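Student: I have a structure open on my screen. Can you show me how to read its features, one by one?
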Amino acid sequence: MRLLTFFAKRFVAGETAEEAVKAVKKLNGIGMSTSLDILGENVTNQEMAIKTADNYISLLQTIKDHALDSHVSIKLTQMGLDISDDFCYDNVSRILEKADSLNIFVRVDMEGSPYTERTLQLVYRWHEKFPKMGTVIQAALYRSEKDVEELNKRKIRVRLCKGAYKEPSSVAFPKKEDVNANYVKLVDMLMKDGDFPGIATHDGVMIRAALDAAEKYGRTKEFFEFQMLFGVNRAAQRELAEQGYGMRVYTPFGTHWLPYNLRRLRERKENVIFILKHFFKD
Ligand code: FDA
């Protein structure tokens, strides 16, 4: 039970919106912005998908009421993408309307490759009506170069990450060095033509590549930001913020933390060792 509690808290800001607000205030206080995420995915029950969208709508109001420097991030399978595209479109449109009225940015996270095309098609539709929203591109996927081209053309904001989902070699680079090389290529495209790119990584080499590309195209600090995950590489988060770079911390909260935390464990075997060490410590 103790292990479970510790594991639950390792990468999330808490179970409730109150706990999340506290965490955001702390981060805002040290010069970092956030993107709040209500944990959950693969919801196949309509009522639950509607309820989750309602929770996001009230979260947006909370951001406004507490004057937090925060966006929100949503997952489409949490909003009913597994039910139908039209249902998901309508459900998320309610969040986007509220966000638009409060002038808060909404990011659509990218999930596994079976959802990539549908996610992008929905984002294209929403963006025509609600320009204050963007999405995520995963360097792991072969298709991403074409997608970045299209998103840049449409002036849709991109958060670039490596990709957290286990993908087959038919759609994604199996080797880490190829994912990294693609990340560097996509960073270059985003720094050249993207609208306020979000460079989401904890990898010092990718961060360096982003800074080099920004310099190459004369893109100054106000026109891009770095993004990292809550609880991961806090030293680098602080260092970049202190150097005056935009640092946005992806801050998830809620009770459905298991799949999210398992993805975080898979990214780094030391995390498993860290958690087990804590378990045997006392
Ligand atoms: P990499 O995995 O190579 O790690 C580089 C170094 O960073 C490691 O050596 C370690 O020091 C540190 N590190 C990385 N992960 C760690 C962890 N979990 N715990 C401790 N240290 C760690 N993915 C996705 O598919 N869809 C999405 O929408 C998003 N959204 C997203 C938002 C933000 C803000 C971030 C930072 C990341 C995502 N991701 C994501 C996850 C992303 O795809 C990727 O899985 C992780 O960021 C890890 O990749 P890195 O770029 O950090 O490199």
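**Reading pockets, barrel and helices**

Tutor: Start with a pocket. Helix H1 (2–10), helix H2 (17–29) and helix H9 (234–242) each give at least two residues to the lining of the second largest pocket. Keep in mind that this is a predicted model.

Student: Which helix gives the most to the lining of the second largest pocket?

Tutor: H1 does, with 5 residues.

Student: How much space lies in the second largest pocket?

Tutor: About 520 Å³. Next, sort the lining by class. The second largest pocket has 11 nonpolar, 4 polar and 7 charged lining residues.

Student: What is the volume of the largest pocket, and how many residues line it?

Tutor: Its volume is about 1200 Å³. The largest pocket is lined by 40 residues. Look for Lys162, Gly163, Ala164, Arg264 and Glu267, which lie nearest its centre.

Student: Which elements give two or more residues to the lining of the largest pocket?

Tutor: Three are strands: E4 (133–138), E5 (157–161) and E7 (225–229). The others are helix H7 (176–193) and helix H10 (258–267). H10 gives the most, with 5 residues. By class, the lining of the largest pocket holds 17 nonpolar, 8 polar and 15 charged residues.

Student: Now the strands. What do they form, and in which order do they run?

Tutor: Follow each strand to its neighbour. Here 8 strands make a closed barrel. The order is E1-E2-E3-E4-E5-E6-E7-E8, and the pairing is parallel. Neighbouring strands of this sheet are turned by 30° against each other on average, with direction ignored.

Student: Let me look at one pair. How many bridges join strand E3 and E4?

Tutor: Strand E3 (residues 106–108) pairs with E4 over 3 bridges, in the parallel sense. Find valine 108, whose bridge partner in E4 is threonine 135.

Student: Which strands of the sheet does H7 touch?

Tutor: H7 packs on the sheet and touches E4, E5 and strand E6 (198–200). The direction of H7 makes about 160° with that of E5.

Student: On to helix pairs. At what angle do the axes of helix H3 and helix H4 cross?

Tutor: Read two values for a helix pair: the angle and the distance between axes. The axes of helix H3 (residues 46–65) and helix H4 (residues 85–102) cross at roughly 10° and come within 9 Å. An angle under 35 degrees counts as roughly parallel. So H3 is roughly parallel to H4.

Student: Which residues make the contact of H3 with H4?

Tutor: From H3 they include Ala49, Ile50, Ala53 and Ile57. From H4 they include Phe87, Asn91, Arg94 and Ile95. By class, this contact of H3 with H4 has 10 nonpolar, 3 polar and 4 charged residues.

Student: How far apart are the axes of helix H5 and helix H6?

Tutor: They are 12 Å apart. Helix H5 (residues 116–129) and helix H6 (residues 144–153) pack at an angle of about 5°. H5 and H6 are therefore roughly parallel to each other. Thr116, Leu120 and Tyr124 in H5 meet Asp147, Glu150 and Leu151 in H6. The contact of H5 with H6 divides into 3 nonpolar, 1 polar and 2 charged residues.

Student: And within what distance do the axes of H6 and H7 come?

Tutor: Within 10 Å, and the axes of H6 and H7 cross at roughly 10°. That makes H6 roughly parallel to H7. The contact includes Ser144, Glu145 and Val148 of H6, with Asn182, Lys185 and Leu186 among the residues of H7. Its classes are 4 nonpolar, 3 polar and 4 charged.

Note on methods
Residues are numbered from 1 along each chain as its sequence is written. This is a predicted model: local features need pLDDT of at least 70, side-chain atom pairs count only at pLDDT 80 or more; totals for chains, interfaces and linings use all residues. Side-chain values use heavy atoms; hydrogens and water are left out. On a 1 Å grid over the protein atoms alone, a cavity is a set of points where a 1.4 Å probe fits but cannot get out, and a pocket is an open set with protein on both sides within 12 Å along at least five of seven lines; lining residues have an atom within 4 Å of a point. Grid points are joined across faces, edges and corners, and a volume is the space filled by probe spheres set on the points. Helices (H or I, at least four residues) and strands (E, at least two) are DSSP runs, numbered from the N terminus. Ala, Val, Leu, Ile, Met, Phe, Trp, Tyr, Cys and Pro count as nonpolar, Asp, Glu, Lys and Arg as charged, and the others, Gly among them, as polar. Axes are lines fitted to C-alpha atoms, for helices over the stretch in contact, and angles run from 0 to 180 degrees between N-to-C directions. Angles under 35 degrees count as roughly parallel, over 145 as roughly antiparallel, 65 to 115 as roughly perpendicular and the rest as oblique. Contact means heavy atoms within 4.5 Å. Two strands pair if DSSP finds at least two bridges between them.
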